[in-house]
Protein chains: 2
Amino acid sequence: MTRAGRPLSVVVEHAVYTETLRLLADESGTALHRQSIADGAQVSRQTLYNRWPTVGDIVLDALSDRAARSIDSSGTLRAYLVDLAAAIDGWARPGLRWVLAAAQHDTNFAERFRSTFLGMRHTAMHTAVTSELSDREAARRTADLIAASLWYNVAIVDRPLDAAWIDEMCGLVEATS
Amino acid sequence: MTRAGRPLSVVVEHAVYTETLRLLADESGTALHRQSIADGAQVSRQTLYNRWPTVGDIVLDALSDRAARSIDSSGTLRAYLVDLAAAIDGWARPGLRWVLAAAQHDTNFAERFRSTFLGMRHTAMHTAVTSELSDREAARRTADLIAASLWYNVAIVDRPLDAAWIDEMCGLVEATS
DNA sequence: CGCAATAATGGTCAGCGTGTCCACTAATTG
DNA sequence: CAATTAGTGGACACGCTGACCATTATTGCG
């Protein structure tokens, strides 16, 4: 059943996501506000209020939208990590950092962040690790450790997720098996 | 040689640090601004501009000031982690989260954050781990992993650093030795 | 077709923290 | 005393916010 009334514009979504990721890439998102997004995306500021409760939710949706089309989690753990690292170092890092910052001040948004975005990412990581580690408890701990190291490099020490990092994470799994 | 002119007021520092930590404890620091700090600490807002380049630097100094008087890193690794976990879950967590958020938007502040605060904490962790792990390279990796897990629990999943976490971190060292 | 319903626009408005300036007072050295 | 530095309190424009409102656009249904 399709609901009555004017449907949500797909053009708006696309323009908003594009402009959001563009603003995040420039100056690591210092100028990311509803104002700048609305101006750049040729969209009314009010529309942003109507469709997203918070700027963080816009970033979250923009990241999810792009991640869904560029990250494959069906191969080996190493392949997944290579894919993931390329995405983060390629385009996702500023957005991840912005979302992380927003989650520190807004408890409600932090909950949404964890239940939607983080939940998806975590299960992907978990299945990837489980495929190479039979012990369920060990797999859980290792997946958590990889996720922790990932965020640590992204948000705290700001280091690239290079080949050395991937090797180290894979070594973590081998040492436990 | 003492410099000419009126000396920096120690009263100002103390009042500012106290009010900052108090504001951070209430509502996890949503109302932490120069304005609110100045009002609560009975200090001119201009003074804050004169002495700290950023609100983040105020928080950083407030945390360092208190951490210097309440965290001991001279015993075993387990003792250090117990001490550290108690401090974070006791009073430091909101401040750490606030600083982390600020570091995501301000590159210069992020650099100060790493070179001062993070540097101190990292060497403390490193020596604590080295005391129980002879291999230097393994010690470095393990210390990084513990730090990563710590920040992950503080800023991403928002879970307490309880006894189970301490056990898991100690287990990480034993598995490597 | 006309009506109800929902989406999107563009404009206005007060609120509030920011950053910056200024004149003035306070405390310390020489 | 003069010079120097710290702290105060008031003022100002700027920019983003969140919340309105009227108007227009696009769809489903009777």
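**Reading the model**

Analyst: In chain A, 34% of the 177 residues are buried, that is, have 20 or more other C-beta atoms (placed from the backbone) within 10 Å of their own. The model is predicted: local features need pLDDT of at least 70, side-chain atom pairs count only at pLDDT 80 or more, and totals for chains, interfaces and linings use all residues. Residues are numbered from 1 along each chain as its sequence is written, while chains are lettered from A and ligands numbered from 1 in the order in which they are written.

User: How many helices and strands are there in chain A?

Analyst: Helices (H or I, at least four residues) and strands (E, at least two) are DSSP runs, numbered from the N terminus. Chain A has eight helices and zero strands, and its C-alpha trace spans about 55 × 45 × 30 Å along the principal axes.

User: Which residues have the most contacts inside the largest nonpolar core?

Analyst: In soluble globular proteins, nonpolar side chains tend to be buried together. A nonpolar core joins buried Ala, Val, Leu, Ile, Met, Phe, Trp, Tyr and Cys residues through C-beta atoms within 7 Å. Here the largest has 98 residues, with A:Val99, A:Trp151, B:Val99 and B:Trp151 having the most contacts inside it. Beyond its neighbours within four places in sequence, A:Val99 is in contact (C-beta atoms, placed from the backbone, within 7 Å) with A:Gly56, A:Val59, A:Leu60 and A:Phe113.

User: Which element gives the largest share of the surface near DNA strand D?

Analyst: A residue is near a strand if its C-beta atom, placed from the backbone, lies within 6 Å of it. DNA strand D is surrounded by 23 residues, the closest being A:Arg6, B:Gly5, B:Arg6, B:Ser9 and B:Ser44. The largest share, four residues, comes from α3(B).

Key:
Buried ≥ 20, exposed ≤ 12 C-beta atoms within 10 Å, placed from the backbone. Contact = placed C-beta atoms within 7 Å.
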